[in-house]
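User: Hi, I have a structure here and some quick questions. Can you go through it with me?
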Amino acid sequence: MTEQVPFTDVYVDDDIVERVVETLESRRYVKGPRVQELERQFAETCGTAHAVGVSSGTAALHLSMKAAGIGPGDSVLVPAHTFFATVSPVLELGAEPVFVDVNPQTYTMSGTDLARKASKADNPQAVLPVHLYGQPAAMHAVWSVADAHDLTVFEDSCQAHGATYRGERTGSLGDVGCFSFYPSKNMTVAGDGGMLVTDDDELARTARQLRNHGRDADGNHVRLGLNHRLNEVSAAAGLEQLSHLADWNADRAAAAARYRENLGDVPEVELPVERDNGTHVYHLFVVQVPDRDDLQLYLEEQGIQTGIHYDPPVHLTPAMQKELSERPTLPETERICSRILSLPMHPRITDAEIDRVSDAIRRYYE
């Protein structure tokens, strides 16, 4: 049987195992020094005053919006070309998602459609750009609309750890940045976990209370909250993972460059576009092709794993259809859904594996 080319890979070494074992032996599993240290280092990495460790990227989005006061009667401008967890917290808070189309080359929020949708929205209070696949959104357009409508900017940075826009790190580009540490992300905590980052002292304080049953620093329940804490064992793994993040992002960029070199002259394959004013950290390497389903099946037969991110788009999922009174106008989002295919991408992918994937795609189109 031909050895498979895996879609992704999770890095575990002796240092990570040692840190985790030390934490287990410490008997300190929650609300301890490892979470605090990960928060300190992650805030430093993002260039923000605060980082608040939470149980998932979804929790980071939900708690940041709740801490900022988003609720019933508010509209939040979001893309539909994203993972469902970008939008579900909006609905959980009783707010209304207003779907914005995307730039079909960068896959991030269209500034033109954002301005149009914001001007028509009922009581717009926030905008939630997604740095999708590791590509920063066009934040200059987001800032322009946010300033014009006095919107709070929540960054969904769950796929963009370490990416930059105009020299600044994702997470520091809005009022709040939200990250996921799910195992497939550019760094993980050996399970679910997340982080929200901000320069807003009050928002950070409120988020810390909300993640811990609404408790203040003295242990008093001062607001309604649940348990969304990040645990010590996860933080121990995360500290080691964070130390590798810059090198791993460089390895992802090198892998993307080899894909480009190999596939740049295949006319059927539309390669990802990198912004001139930002860095792409390639959480995913997503191409567009005219016959996606057939190509995916062919690659599977060749022992090559691929993925689809995302089809259907959020506004066409069964859960969201129950919430929407009418179908939003999102022509680019809907057009690309049948064309997108995610190729194998992770820091340890070899040149031979990239060449094998590329050669298989070339043979298919030849």
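User: Is Arg 292 buried or exposed?
Analyst: Arg 292 counts as buried, because its relative accessibility is 3%. Keep in mind that this is a predicted model.

User: Which residue does Arg 292 form a salt bridge with?
Analyst: Asp 293. The closest N and O atoms of Arg 292 and Asp 293 are 2.7 Å apart.

User: Why would two such side chains pair at all?
Analyst: Side chains of opposite charge can pair when their charged atoms come close.

User: OK. How many salt bridges are there?
Analyst: The count comes to 19 salt bridges. One of them joins Arg 211 and Glu 39, with 2.8 Å between the closest N and O atoms.

User: Where do those two sit in the chain?
Analyst: In distant parts, 172 residues apart. Arg 211 is in the loop between helix 7 (201-210) and helix 8 (232-263), while Glu 39 is in helix 2.

User: Are Arg 211 and Glu 39 buried or exposed?
Analyst: Both Arg 211 and Glu 39 are buried.

User: What about Arg 258? Which residue does it form a salt bridge with?
Analyst: Asp 355. The closest N and O atoms of Arg 258 and Asp 355 are 2.9 Å apart. This pair also links distant parts of the chain: Arg 258 is in helix 8 and Asp 355 is in helix 12 (residues 351-365). They are 97 residues apart.

User: Which residues are linked in a network of salt bridges?
Analyst: Glu 37, Arg 40 and Glu 44 are linked that way.

User: Switching to cysteines. How many disulfides does the search find?
Analyst: The search covers the whole structure and finds 0 disulfides.

User: Are Cys 46 and Cys 158 buried or exposed?
Analyst: Cys 46 counts as buried, at 6% relative accessibility. Cys 158 counts as buried as well, at 10%.

User: Now aromatics. How many aromatic pairs turn up?
Analyst: There are 10 aromatic pairs in the whole structure. One is Tyr 364 with Tyr 365, with ring centres 4.8 Å apart. Their planes are at 85°, so the pair is edge-to-face.

User: Why do you give both a distance and an angle?
Analyst: Because a pair of aromatic rings is described by the distance of the centres and the angle of the planes.

User: Which residues do ring pairs link into a cluster?
Analyst: Phe 42, Phe 179 and Phe 181.

User: What lies over the face of Trp 248?
Analyst: Arg 348 does, at 5.5 Å from the ring centre.

User: Last topic, the surface. Which residues make the nonpolar patch of about 300 Å²?
Analyst: Val 10, Val 12, Val 17 and Val 21. Val 21 is in helix 1 (residues 14-26). Val 21 is partly exposed, with a relative accessible area of 36%.

Notes: Residues are numbered from 1 along each chain as its sequence is written. This is a predicted model: local features need pLDDT of at least 70, side-chain atom pairs count only at pLDDT 80 or more; totals for chains, interfaces and linings use all residues. Side-chain values use heavy atoms; hydrogens and water are left out. A disulfide is a pair of cysteine sulfur atoms within 2.5 Å. Buried means under 20% relative accessible area, exposed over 50%, partly exposed in between (1.4 Å probe, protein chains only). Rings of Phe, Tyr and Trp (its six-membered ring) pair if their centres lie within 6.5 Å; planes under 30 degrees apart count as stacked, over 60 as edge-to-face and the rest as tilted. A charge sits over a ring if NZ of Lys or CZ of Arg is within 6 Å of the ring centre and within 35 degrees of the ring normal. Patches are made of residues with over 30% relative accessible area and no salt bridge: like charges are joined within 9 Å, nonpolar side chains (Val, Leu, Ile, Met, Phe, Trp, Tyr) within 5 Å. Accessible areas come from the Shrake-Rupley method with a 1.4 Å probe; for residues, only the protein chains shown count as cover. A salt bridge is a side-chain nitrogen of Lys or Arg within 4 Å of a carboxyl oxygen of Asp or Glu. Helices (H or I, at least four residues) and strands (E, at least two) are DSSP runs, numbered from the N terminus.
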